[in-house]
Amino acid sequence: MNVADKKRLLREMLFARRFEERCYEAYVERKIGGFLHLYSGEEACAFGVLEAAKPGHDYVVTSYRDHVHAIKAGADPRKVMAELYARETGSSKGRGGSMHIFDVEHRFMGGYALVGGPFPLAAGMAKAVKMKGGDEIVVCFLGDAANNQGTFHESLNMAKLWDLPVLYVCENNLYGIGTRIDRSTAVIDQYKRVSGYNIPSAQEDGQDVEKVYQAAQKAVKHVRSGKGPYFLELMTYRYRGHSMSDSNAYRSKTEERMWSRRDPVIMLRDRLIEAGEITRDDYKNMDTEILDEIENEVIAFAESSPEPRVEELEKYILAENDPWVYGGGR
Amino acid sequence: MAEIMYWEALRRAHDEEMANDPLVIVMGEDIGVAGGTYKATQGLFDKYGPERVIDTPISENGYTGLGIGASFLGVRPIIEIMSVNFAWLAMDQLFNSAAKVRYMSGGQLQAPVVVRSAGGTAHQLGAQHSARMEKVFMGIAGLRVVTPSNPRQAYGLLKSAVRCNDPVYINEHELMYNLKGEVPDEEYFHPLVGSEVAREGSDVSLFGYNISVHWCLQAAETLSKQFGIEAEVIDLYALSPIDRAGIVSSVRKTHRAVVVEEAEAPVGVGAEVIAIINEECFFELDTAPQRVSAVNVPIPYNHTLEKAAIPNAGDVVERVRRMFGK
């Protein structure tokens, strides 16, 4: 990763942080409804991994904490925000919401709200890629708590059995909703759990985007070379509660302070300042630009967009005008 | 037009669709090397190979989800789930992923997957292998549900289901795989919507689907010969979306309705069809519509109890006789 890449990544990660924090405000203002799960603190995971993969070419799928993955995959942040605002211009036309961002054009295959649901979907997409003979891989991001679902075991078994090109990324933020990992999970190190399926795996610092990138390069290379699945565990921390309805009372201030000292955006910023590649003023200017962009373009677009029409409530349930429904297309 | 068995009709549909499109695959437990519990995939493993005829681990939710994920990218999986009871395990992926993905992505993604499963009470299979779950599937928006009553439908419905861009659940029956019937020699696609008049009649409409169509037909013969009652039998091969117009049209003709289902009455096909009749043509009725259903009990192992739990043609005759005061 060269200096220009690092500077770009710093901007992208800071944008993601400001985007999520702006969502927080909009939620408090009741502009965003439903459940809202924010990614602040975990940015190095999505950015480090997808920097090593090929967003727009490789398929990406994740959970309900999906805004940032979608944006890094190539989704227009304005459309993501419009989706949160439940507008017709939203990435899922206002029918999905925060937990169901989709941008199939950029191969962002969705946010899913059943914990562990995407494990088999990712394996299935990898099966399709393998059948068609492409060199794409499928990158599936999920949290540590998803690994206690049956789909984790069922999917890892099939992914290895058939050597499917899927990279499972475990964002281990130490909590499943409000329950700390050691109170829900017999084995704390998640990468060890996949050894029973003969899948290569690694654990990496999920706060350092450069380390994530390096670990992900190895993982992506393995999967793309046709050797089958890989499991990468990234140790990270979310600043906000599981969702906006979470009081966060289950974590100590000491623990939160400890993790905030290893903030992924600040770590990269300080490294670039130390190396003399940017100044503090450069960073401040970048931040101001980003805040302006989010306000004047992203929020403005969402605010000014129309809502879906009630007349179209039943659109998208089933395929429209599918001749095979009536017994033939010839 | 050749007479073939239900399983042979299914096998032919699988084979033709796999030959037609290299992205059609078959998945399920024992469907490959072993040839399939119901022989519906017999010979396909040797013909199309392990990449397209996939023996899965016993992980119903996992492999159904895998098939759904593959369908997002244009693969057309036909998934066989050995028993409807096991399909409960796959309900998460069917309900939460396949049926909802088109809607929650604002039309960007679709899941053109076919799930076939055998339900019904057969020969002392006990409580965990005798479920009739069509009532659950037909209540899921975004999922099509069809249930063939004969080899012709089994063949034509599967072929249309594979090509249709929606997820389709095909409800089959443990006891019907050896049922014989005529299937067109030329390629044939059966509509996934609508209903069929299996027997014309003027006095009462008997609504059945899958195996209960046969009970209705038997009952209609007895009613005609012994009581002079001419029953019309409507085959509701499509349970979702269900053929409201077809139901109403028959009731307008006969003014009496009996729904016959192998499943328990609560929240079932009978309840749904009678609600439709009440909503659409209540004042056409000469008498209250009835349903002939199973006793609401886990299906017992004992054969006498098992038979007592589910309805048969005699029960249909009895109900219609009482309706006419005969």
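This is a predicted model: local features need pLDDT of at least 70, side-chain atom pairs count only at pLDDT 80 or more; totals for chains, interfaces and linings use all residues.
1. **The interface, overall.** Let's start with how much of each chain is involved. Chain A puts 45 residues into the contact, and chain B puts in 52 residues. The size of an interface is often quoted as the accessible area lost when the parts come together. Here the area buried between chain A and chain B comes to about 3,900 Å². Carbon and sulfur atoms give 68% of that area.

2. How many salt bridges are counted between chain A and chain B? The count is one salt bridge. B:Glu51 and A:Lys127 make a salt bridge, with their closest N and O atoms 3.3 Å apart. Polar contacts also turn up across the interface of chain A and chain B: 14 residue pairs, with both residues at pLDDT 80 or more.

3. **What chain A brings.** On the side of chain A that touches chain B, helix H5 (118-132) and helix H6 (150-161) of chain A each supply at least two residues. H5(A) has the largest share, at 10 residues. By residue type, this side of chain A splits into 25 nonpolar, 10 polar and 10 charged.

4. **The seven-stranded sheet in chain B.** Next, the sheets. One of them is open, with seven strands in the order E3-E2-E4-E5-E7-E6-E12 (chain B) and mixed pairing.

5. **Around E2 and E3.** Strand E2 (residues 24-28) of chain B runs parallel to E3(B), and three bridges join the two. B:Val26 sits opposite B:Val53 in E3(B). Helix H3 (residues 60-72) of chain B lies across E2, strand E4 (76-81) and strand E5 (114-119) of chain B, and runs at about 165° to E4(B).

6. **The five-stranded sheet in chain B.** This open sheet has the order E9-E11-E10-E13-E14 (chain B), again with mixed pairing. Which strands are at the edges? They are strand E9 (196-199) and strand E14 (290-294) of chain B, each pairing on one side only. Neighbouring strands of this sheet are turned by 25° against each other on average, direction ignored. Inside the order, strand E10 (residues 204-208) and strand E11 (residues 231-235) of chain B run parallel and are joined by five bridges. B:Leu206 faces B:Val233 in E11(B).

7. **A salt bridge within chain B.** Over all chains, the structure holds 59 salt bridges. One worth a look joins the side chains of B:Arg199 and B:Glu230, at 3.2 Å from N to O. The two residues are 31 residues apart and link distant parts of the chain. B:Arg199 is in strand E9 of chain B, while B:Glu230 is in the loop between helix H9 (211-227) and E11 of chain B.

8. **Backbone spots to check by eye.** Most residues other than glycine have a negative phi, and most peptide bonds are trans. B:Ser240 and B:Pro241 are joined by a cis peptide bond, with omega about -10°. B:Pro241 is in the loop between E12 and helix H10 (244-254) of chain B. B:Asp30 has a positive phi, near 65°. You'll find B:Asp30 in the loop between E2 and helix H2 (44-48) of chain B.

Technical notes: Residues are numbered from 1 along each chain as its sequence is written. Chains are lettered from A and ligands numbered from 1 in the order in which they are written. Side-chain values use heavy atoms; hydrogens and water are left out. Contact means heavy atoms within 4.5 Å. Buried area is the accessible area (1.4 Å probe) that two parts lose on being put together, summed over both. A salt bridge is a side-chain nitrogen of Lys or Arg within 4 Å of a carboxyl oxygen of Asp or Glu. A polar contact is a pair of N or O atoms within 3.5 Å; within protein, one must be able to donate a hydrogen and the other to accept it, and residues adjacent in sequence count only if both atoms are side-chain atoms. Helices (H or I, at least four residues) and strands (E, at least two) are DSSP runs, numbered from the N terminus. Ala, Val, Leu, Ile, Met, Phe, Trp, Tyr, Cys and Pro count as nonpolar, Asp, Glu, Lys and Arg as charged, and the others, Gly among them, as polar. Two strands pair if DSSP finds at least two bridges between them. Axes are lines fitted to C-alpha atoms, for helices over the stretch in contact, and angles run from 0 to 180 degrees between N-to-C directions.
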